[in-house]
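Hi,

Here is the model I promised to pass on.

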Amino acid sequence: MKVLQSNYKNSANKRLFLQMYRAMVRIRICEESLVEPILKGEIRCPVHLYSGQEAIATGVCFALSERDYVFSSHRSHGHYLAKGGSIKELVAEIYGKEAGCSRGRGGSMHIIAPEMGMLGSAPIVAGTIPLALGAALASKIRKEKKVTVSFFGDGAAGEGVLYESLNFAALGRLPIILACENNFYSTHLPIRECRPENNIFKIGKPFCIQSYRVDGNDVLKVYEVSKNAVGLCRKNRGPVFIEFVTYRLRGHVGPDDNIQGTHRDIRPKEEIEKWRKKDPIRRFEAFLIKNKIFRKETLERIDREVEEEVKGAHEFAKESPYPNPNELTKYVFKEN
Amino acid sequence: MRKLSYSLAINEALHQMMDDDPSVFLIGQGVKSPWYVGNTAKGLLGKFGPERVVDTPVSENAITGTAVGAALVGMRPVVVHPRVDFMMYAMDPVINEAANWHYMFGGKSSVPVVIWGIINRGGEQAAQHSQSLHAFFAHVPGLKVVMPSTPYDAKGLMVAAIKDNNPVIYMDDRWLYNLEGEVPKETYSVPIGKGIIRREGKDVTLVATSYMVVESVKASEELETEALEVEVIDLRSVKPLDETLLFDSIKKTGRLVIADGGWKTCGMAAEISALVSENVFDYLKAPVARVTLPDAPAPASRVLEKEYYPNSKTIADAVRVVLRRKVPRGGTEIPK
């Protein structure tokens with residue numbers, strides 16, 4: 001697992017690192033850019049921000065090819081962007097515009113970029129896990145060697161369908177990576193009130209599934225374990241279960257846990273502070289600068305480029321038209 | 001023309017569609033066992049192998065989700081539930097995911113899946129081995145629901161359901177499995193959304209679904225001896241429903257009796273009554289009558305079962321009541 005980090009002077013790795021840095025910054029700046037419009041009421045749909053968890057989406061998606069599949073849950077903006085989804089279409093969707101990736105019919109919780117392999121996200125907890133199983137099964141039937149990743153949170157470890165899916169995936173050696181982002185909270189409920197055992201990755205063992213627990217705020221560790229998992233799946237030696245340990249910087253939904261207007265985080269202050277120090281982007285930046293892989297100025301240039309890009313996406317979204325009310329029932333069925 | 005049983009007609013549809021299109025596959029509990037699915041899956045495993053005829057552990061939620069997910073990446077799966085009752089575990093993938101998917105992603109992704117549930121009741125199996133939930137599914141936008149009552153339609157509607165680019169609930173009835181009828185050898189489809197007149201008549205329209213069509217035809221034969229001409233309509237598709245056929249018939253007869261195999265409250269008969277009132281009220285000479293299951297779970301004991309299930313006698317009685325009514329002058333008679 002240390003191979004990548006020790007070969008960091010290698011130019012191919014340098015390129016990769018820069019792309020990873022840009023990808024993570026893109027997610028963070030995009031998510032943070034939604035805060036003000038939400039507080040102003042310009043964005044109304046419920047938005048589950050991914051700030052703080054960028055290393056997972058980035059590390060995993062960089063281990064995949066464009067042909068591989070990703071499914072996600074309500075906290076999906078990071079997966080969408082890391083898999084190559086258009087930031088303009090994402091922001092437009094959140095504003096409810098026709099130019100949005102789901103034509104304004106889905107909002108933040110139902111985003112998709114099928115041409116990039118981001119096959120859908122939906123907020124029913126664990127609801128997309130069996131869908132990902134199906135994509136993996138299709139790949140096996142068609143002998144395509146495509147890998148499917150199913151992203152879900154620690155809350156999903158309460159749903160029965162996850163265990164049904166582990167069982168079925170293991171039975172068929174399906175090429176699926178079950179990626180559990182454990183941020184220790186299932187909406188408001190801390191993990192110790194959800195399950196007696198904190199280490200979620202252990203649920204793979206009874207199903208004979210290779211399972212790992214990884215620091216989800218270390219993008220290179222995420223990338224390494226994902227590459228390994230992808231390799232196993234391509235050789236018909238899947239499935240793989242990976243638990244990524246992380247923390248969300250914002251509220252379960254919206255900029256903070258706005259309980260009765262308090263705008264207070266329900267989580268303990270010390271805990272939040274501890275995790276802020278482990279910010280995945282600051283850590284990666286420190287790694288790149290300390291090891292003289294890139295200069296601070298280079299990274300700052302990327303930050304500014306991304307800020308411009310995100311600003312442009314908001315302008316695009318604000319200028320885009322809303323859907324036509326006469327087309328309310330247009331997509332109920334697909335034509336034959 | 002060659003005759004085939006209803007169950008073998010379904011079998012033939014599966015053989016032909018799986019032969020014709022490698023993306024079609026069958027998945028579900030008991031596809032290897034006649035005990036579960038009668039002889040509808042006969043010969044499929046031997047011909048197409050376990051990759052395309054997938055018998056599964058008892059995990060309806062994950063397995064149905066798997067079928068939905070496979071459809072999202074372009075397969076045409078048929079997921080079978082040996083009893084409609086077992087589908088209750090699969091409500092999330094059917095309703096929250098499959099039914100909504102095309103709409104909530106603005107048409108960017110579609111779900112060509114057939115969700116096949118077998119109505120299997122009687123024989124003192126009682127409440128959890130008896131339900132016919134077609135009205136539940138018909139209520140949900142984004143689902144189509146078909147219920148063949150003849151071998152010809154059993155094959156043609158299975159073909160149509162597989163070819164349809166939308167999720168189709170295919171609900172057949174075990175009580176029809178031995179029914180023999182003419183079935184063309186070649187592959188053909190019956191259009192979804194089109195009903196058919198089984199017997200022509202001018203005195204009353206009798207609309208029926210699935211097995212109740214058999215009882216309705218029997219009732220109309222009995223009533224013919226009383227010089228009453230009953231027009232029997234077999235809906236075939238519960239959703240979309242053939243409104244034109246229905247309304248044309250009522251314009252002719254002015255009277256309607258509905259015979260449906262579901263419960264009374266909020267069942268298909270309630271929906272049809274509303275449609276008729278909205279569209280052809282001026283042609284009605286009497287209120288609409290419904291023949292349905294009572295609002296009670298299915299009992300086990302034989303004596304109770306006999307009381308529970310309506311038959312041709314119950315239907316004939318309802319027709320006679322409707323025909324005895326005069327057009328009210330002011331005030332409405334309350335039916336007994």
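Setting aside neighbours within four places in sequence, K140(A) is in contact with G172(A), L174(A) and P175(A), where contact is taken as C-beta atoms, placed from the backbone, lying within 7 Å. K140(A) sits in helix α7 of chain A; helices (H or I, at least four residues) and strands (E, at least two) are DSSP runs, numbered from the N terminus. With 19 other C-beta atoms within 10 Å, K140(A) is partly exposed. For that label, 20 or more other C-beta atoms within 10 Å of a residue's own make it buried, 12 or fewer make it exposed, and partly exposed is in between, again with C-beta atoms placed from the backbone.

Before I go on, the bookkeeping. This is a predicted model, so local features need pLDDT of at least 70 and side-chain atom pairs count only at pLDDT 80 or more, while totals for chains, interfaces and linings use all residues. Residues are numbered from 1 along each chain as its sequence is written, and chains are lettered from A and ligands numbered from 1 in the order in which they are written.

Next, helix α8 of chain A, residues 160-171. Its twelve residues should span 16 Å at 1.5 Å a residue, and the end C-alpha atoms are 17 Å apart, which agrees; the expected span is 1.5 Å times one less than the number of residues. Which residues of α8(A) are buried? They are V161(A), L162(A), E164(A), S165(A), L166(A), F168(A) and A169(A). The cover over them includes α7 (128-141) and β4 (176-182) of chain A, along with α4 (60-72) of chain B. Just after α8(A), R173(A) takes a positive phi of about 45 degrees.

The classes are: Ala, Val, Leu, Ile, Met, Phe, Trp, Tyr, Cys and Pro nonpolar; Asp, Glu, Lys and Arg charged; the others, Gly among them, polar.

Now two helix pairs in chain A. Axes are lines fitted to C-alpha atoms, for helices over the stretch in contact, and angles run from 0 to 180 degrees between N-to-C directions.

- α2 (residues 11-33) and α11 (residues 280-290) of chain A pack at about 155 degrees, with axes 10 Å apart. They are therefore roughly antiparallel (under 35 degrees is roughly parallel, over 145 roughly antiparallel, 65 to 115 roughly perpendicular, the rest oblique). The contact is made by F17(A), Y21(A), M24(A), V25(A) and R28(A) of α2(A) with P280(A), I281(A), F284(A) and L288(A) of α11(A). By class that is eight nonpolar, no polar and one charged residues.
- α6 (residues 87-94) and α12 (residues 296-319) of chain A pack at about 45 degrees, with axes 8 Å apart. That makes α6(A) oblique to α12(A). On the α6(A) side the contact uses I87(A), K88(A), V91(A) and A92(A), and on the α12(A) side E309(A), V310(A), A313(A), H314(A), F316(A) and A317(A). The class count is seven nonpolar, one polar and two charged.

Last, some backbone details. Most residues other than glycine have a negative phi, and most peptide bonds are trans.

- G238(A) and P239(A) are joined by a cis peptide bond, omega about 0 degrees; P239(A) lies in the loop between α9 (219-234) and β8 (240-245) of chain A.
- The bond from K239(B) to P240(B) is also cis, with omega near -5 degrees, and P240(B) is in the loop between β12 (237-239) and α9 (243-253) of chain B.
- H263(A), not a glycine, has a positive phi of about 55 degrees. Its place is in the loop between β8 and α10 (269-276) of chain A, and with 13 C-beta neighbours inside 10 Å it counts as partly exposed.
- A126(B) has phi near 70 degrees and is found in the loop between β5 (114-119) and α6 (134-139) of chain B.

Cheers

Notes
Two residues are in contact if their C-beta atoms, placed from the backbone, lie within 7 Å.
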